[in-house]
Amino acid sequence: MTIGVLALQGSVSEHLKMITSINKKIVTVPVRTVDELATVDGLIIPGGESTTLRKILETPPAPNVEPLFIPIKERIAAGMAVWGTCAGLILLASRVEGENPCFGLLDIDVKRNGYGRQINSFVGEGEFDGMTVGMAFIRAPIVTRVGSGVQVLAEYDGKPVAVRQDNILATTFHPEVMQRDNRIHKYFCNMVEDKV
């Protein structure tokens with residue numbers, strides 16, 4: 001099984017380390033090109049700056065080189081397991097307050113920076129699919145609506161912070177920065193394995 005992490009910006013190395021800590025036999029790949037995307041069974045879209053990520057995804061990296069946006073969207077629509085954390089969730093959402101959606105495949109509405117600016121970042125704790133986990137919120141978005149086909153896996157302060165729609169997992173928080181707790185990464189690996 002091969003899991004890729006979109007390696008354009010954000011907490012790429014942290015996600016790669018978490019996946020490797022689960023099972024040394026899982027192959028991890030930083031994904032920057034269409035060829036690298038073709039090798040993976042599942043993809044993590046990490047946190048970062050969603051507007052910047054979107055521009056990079058939609059811009060050809062070099063003359064006659066295909067940008068990643070359409071191939072990623074097609075793979076997700078075809079059933080590849082994907083997990084978006086923070087900015088990744090914003091990119092996957094069907095509606096984003098004040099802007100056009102990017103991939104638009106996850107039936108949720110989102111408000112960017114819903115918890116405030118960088119200085120308002122914090123760590124909390126909550127239940128994720130029956131497990132108590134630490135949750136690091138860094139300029140995190142707020143999910144303001146969840147579609148009927150979307151399962152809420154975790155809430156914080158009465159708001160959805162982890163959701164799943166079939167092959168799409170999304171969290172407003174950053175599990176990859178919670179050292180030595182790879183349980184949500186295990187959850188995603190199980191999703192990928194189920195789709196392979």
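Me: At what angle do helix α1 and helix α6 pack, and is α1 roughly parallel or roughly perpendicular to α6?
Reply: This is a predicted model, in which local features need pLDDT of at least 70 and side-chain atom pairs count only at pLDDT 80 or more, while totals for chains, interfaces and linings use all residues. Residues are numbered from 1 along each chain as its sequence is written, and side-chain values use heavy atoms, with hydrogens and water left out. The axes of α1 (residues 12-22) and α6 (residues 183-195) are 9 Å apart and the packing angle is about 75°. Since angles of 65 to 115 degrees count as roughly perpendicular (under 35 roughly parallel, over 145 roughly antiparallel, the rest oblique), α1 and α6 are roughly perpendicular.

Me: Which residues of α6 make the contact with α1?
Reply: Contact means heavy atoms within 4.5 Å. From α1, the contact involves His15, Met18, Ile19 and Ile22. The residues of this contact divide into 4 nonpolar, 2 polar and 1 charged; Ala, Val, Leu, Ile, Met, Phe, Trp, Tyr, Cys and Pro count as nonpolar, Asp, Glu, Lys and Arg as charged, and the others, Gly among them, as polar. On the α6 side the residues are His185, Lys186 and Cys189.

Me: How many residues apart in sequence are the parts tied together by the pair of Phe69 and Phe103?
Reply: Rings of Phe, Tyr and Trp (its six-membered ring) pair if their centres lie within 6.5 Å, and planes under 30 degrees apart count as stacked, over 60 as edge-to-face and the rest as tilted. At 5.1 Å centre to centre and 10° between the planes, Phe69 and Phe103 are stacked. Phe69 lies in helix α4 (residues 69-77) and Phe103 in the loop between β5 (93-96) and β6 (106-111), so the parts tied together are separated in sequence by 34 residues.

Me: Which residues form a cluster through ring pairs?
Reply: The planes of Phe137 and Phe173 are at 55° and their ring centres 5.9 Å apart, so this pair is tilted. Both Phe137 and Phe173 are buried. The cluster linked by ring pairs consists of Phe137, Tyr156 and Phe173.

Me: What is the relative accessible area of Leu169?
Reply: Leu169 lies in strand β12. Leaving aside neighbours within four places in sequence, its contacts include Trp83, Phe128 and Met191. Leu169 is buried, with a relative accessible area of 0%.

Me: What phi does Asp157 have?
Reply: Most residues other than glycine have a negative phi. Asp157 lies in the loop between β10 (151-156) and β11 (159-165) and is exposed at 63% relative accessibility. Although Asp157 is not a glycine, its phi is positive, at about 55°.

Conventions. Axes fitted to C-alpha atoms, helices over the stretch in contact; angles between N-to-C directions. Helix = DSSP H or I, 4+ residues; strand = E, 2+ residues; numbered from the N terminus. Buried < 20%, exposed > 50% of the residue type's maximum accessible area, 1.4 Å probe, protein only.
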